[in-house]
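Subject: Structure handover

Hello,

Here is the structure I promised to pass on. My notes follow below it.

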Number of protein chains: 2
Amino acid sequence: MPLTKKQMKFTLEATDLNSSARAGTITTDHGTIETPIFMPVGTVGSVKGIHQRELREDINPDIILGNTYHLYLRPQTDIIEKAGGLHKFINWDRSILTDSGGFQVYSLSANRKIKEEGVKFKSHIDGSYHFFTPENVMEIQRSIGADIIMAFDECTPYPCDYQYARRSMQMTHRWLDRCVNHLEKLPLKYDYNQTLFPIVQGSTFKDLRQQSAEYISSKDAKGNAIGGLSVGEPAEVMYEMTEAVTDILPKEKPRYLMGVGTPVNILENIALGIDMFDCVMPTRNGRNGMLFTSEGIINIKNKKWEDDFSPIDPQGITWVDTEYSKAYVRHLFTVNESLGRQIASIHNLGFYLWLVREARKHILEGSFVSWKNEMVKKLDQRL
Amino acid sequence: MPLTKKQMKFTLEATDLNSSARAGTITTDHGTIETPIFMPVGTVGSVKGIHQRELREDINPDIILGNTYHLYLRPQTDIIEKAGGLHKFINWDRSILTDSGGFQVYSLSANRKIKEEGVKFKSHIDGSYHFFTPENVMEIQRSIGADIIMAFDECTPYPCDYQYARRSMQMTHRWLDRCVNHLEKLPLKYDYNQTLFPIVQGSTFKDLRQQSAEYISSKDAKGNAIGGLSVGEPAEVMYEMTEAVTDILPKEKPRYLMGVGTPVNILENIALGIDMFDCVMPTRNGRNGMLFTSEGIINIKNKKWEDDFSPIDPQGITWVDTEYSKAYVRHLFTVNESLGRQIASIHNLGFYLWLVREARKHILEGSFVSWKNEMVKKLDQRL
């Protein structure tokens, strides 16, 4: 725990000459975060199937993510407050980022109603009604106590008509102002700082994305996020939107692309100037038997691995890669043993963290684009 | 891996003056096993929810158990053979014991038919028919490659009428002879020894248990087991049967009480001269939120733990005990996160191993009975 509360800081260490890729360092009161970074998702205060010790010692991310919507419903804000914040509740002393609940509420589709005041929604657990506003979402995130907290936004669906996207973006901007105004009234909850990131919206319309990026930039936040992508649009459209936005967002602030994505998506977006990522893919797909490796993708459930006693990944990024054979992990999936899901989750998160660290290394060395182009050829292959 | 194959050895180090408790050492080609020992159950080649690394480094049992019935069905014997045996397949270089499948087949009740020749049964997975005989169960266990293998027996239900119990026991004895005769014809499969343990049956009839113990003792096996208990009979009846049998089984051989039991059951049976135990209780009950501690039993799902931020067990036997709070683990169970089940399983197995190690220590120190009596008072309490 820090002795003095400091504003979040971002130091840009290097910018690639052949792309917009950057290497930097974010400093929060819970430590430094080397960028580009991938943030494992700890939805309800647990990165699914992974002990905090494994996360710390084996996967070793500088920051993880928690979901406000889920934590608000269970264990509920008061329990987290009593624990002294989410770091203490889950026993994680590095940085945490919480989303605003906007995306989860949007996912409830039929069970939520969006108005200017906020969003009324029905809990997926017990059907009870709740109301999220920019103001109370700031208060909830303040109680949860993440180092980086997100503005309350509306995440538009894909496809989305232009008029809806424009009106929604404008409301997201008004909500951002309400978040900022409300936060200004609140003293710090714990003995460390919390930093608000605003979110660029605008669906898949370049002019809206640019407008939104201009508006968000004008707020002079310590970091900025891009939301509403990776919701079903083609990867090329996502890259186009990212590029339009990173051309505008201030270079001296970290840029967080929310909810993205595959290993290839991550490398391509790093090339476009993104510094931070999160996605459930490594753990969710891992639990379904999909292993991401530097040579391509393995569906470990396939019969072809039945008697392949070689390590699940000879590269050996985390200890599970060489501890267990493909045949053994395939067997664990066949008999539905949770250990299989645990192994796949550790492997995939280890691989994602390796990928962004390698990207960083190549950015610092000036060899990012050629390395990225080589990797992209392999990463989507099915082994 | 050993350079020379040795017969399993048991050294009796101490016998308690005030009870029949013993401390000893079993040596197999995969290492030494300090007794009394509790063997974690790795049903299908995985101790549920626990990485081999955690098992080795945190829980630290000298031996684990695998289930022949389950491994025979999946991944199937030929895959384990191709891997070079179960140790290599699951990456566990300490000792392994496999049961004979007798108990699982008995559990299939309506889906099996027991005859003198063997047992025809229907797979719980795909409904396919299979036939276990004393001979092929020896071959299957030889291929699986455990250090200690079990004779094929019939496990009688509770309650069981005397005539059935007697006939069944006699058949189990004939099956034992068939196991022994068949094994004699088979050369070793791998580069280490495998030792057969015969099993005492006789239901809850003292005279049958005694007869069976006499017969089993006459075989002069390197170790002996007691089966057919912990199947629903009162604990007092179990202890009575154990005592009747341990009075007869040779003192210089280890005694294994199969499928037992609660922490109290284990201490009481140690007092009666049992050296080896296995049970799914620590992991199965753990997955249901029951934590065994030195102060009593915690149902971690209870609302009373909701805001109890103290360690799940201040005694701190394994690292999970102090890494996580009761409130956090309670939350994980409430939201059905697998990490909760993983934590409870590590805690409970750590506790069981601690319990038998403490028992051993007190046997060696000569203070077993007074310690046991103190512990028994606390272990069943609900906290």
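Ser203(B) counts as buried, at 2% relative accessibility. Buried means under 20% relative accessible area, exposed over 50%, and partly exposed in between (1.4 Å probe, protein chains only). Ser203(B) is not a glycine, yet its phi is positive, about 50 degrees. The residue sits in the loop between strand E12 (199-200) and helix H7 (206-218) of chain B. Helices (H or I, at least four residues) and strands (E, at least two) are DSSP runs, numbered from the N terminus.

Before you read on: this is a predicted model, where local features need pLDDT of at least 70, side-chain atom pairs count only at pLDDT 80 or more, and totals for chains, interfaces and linings use all residues. Residues are numbered from 1 along each chain as its sequence is written, chains are lettered from A and ligands numbered from 1 in the order in which they are written, and side-chain values use heavy atoms, leaving out hydrogens and water.

Confidence: chain A averages a pLDDT of 96 (the predictor's confidence in each residue, from 0 to 100). In chain A, 99% of the residues score at least 70. The model has ipTM 0.97 and pTM 0.97.

Overall form: chain A holds 14 helices and 17 strands. Of its 383 residues, 62% count as buried. The C-alpha trace of chain A spans about 60 × 45 × 45 Å along its principal axes.

Asn91(A) lies in the loop between helix H3 (86-90) and strand E6 (95-98) of chain A. Asn91(A) is partly exposed, with a relative accessible area of 31%.

Two cis peptide bonds are worth a look. One joins Thr35(A) and Pro36(A), with omega about 0 degrees. Pro36(A) is in the loop between strands E3 (31-35) and E4 (37-39) of chain A. Another runs from Tyr158(A) to Pro159(A), with omega near -5 degrees. Pro159(A) falls in the loop between strand E10 (148-150) and helix H6 (162-185) of chain A.

Finally, helix H12 (residues 326-334) of chain A. Here 8 of the 9 residues are buried, so the helix is largely enclosed by the rest of the structure. Among them are Tyr328(A), Arg330(A) and Phe333(A). The buried residues of H12(A) pack (contact means heavy atoms within 4.5 Å) against parts of chain A, including helix H13 (338-365), and of chain B, including helix H2 (68-83). Asn336(A) follows H12(A), with a positive phi near 60 degrees.

Best wishes
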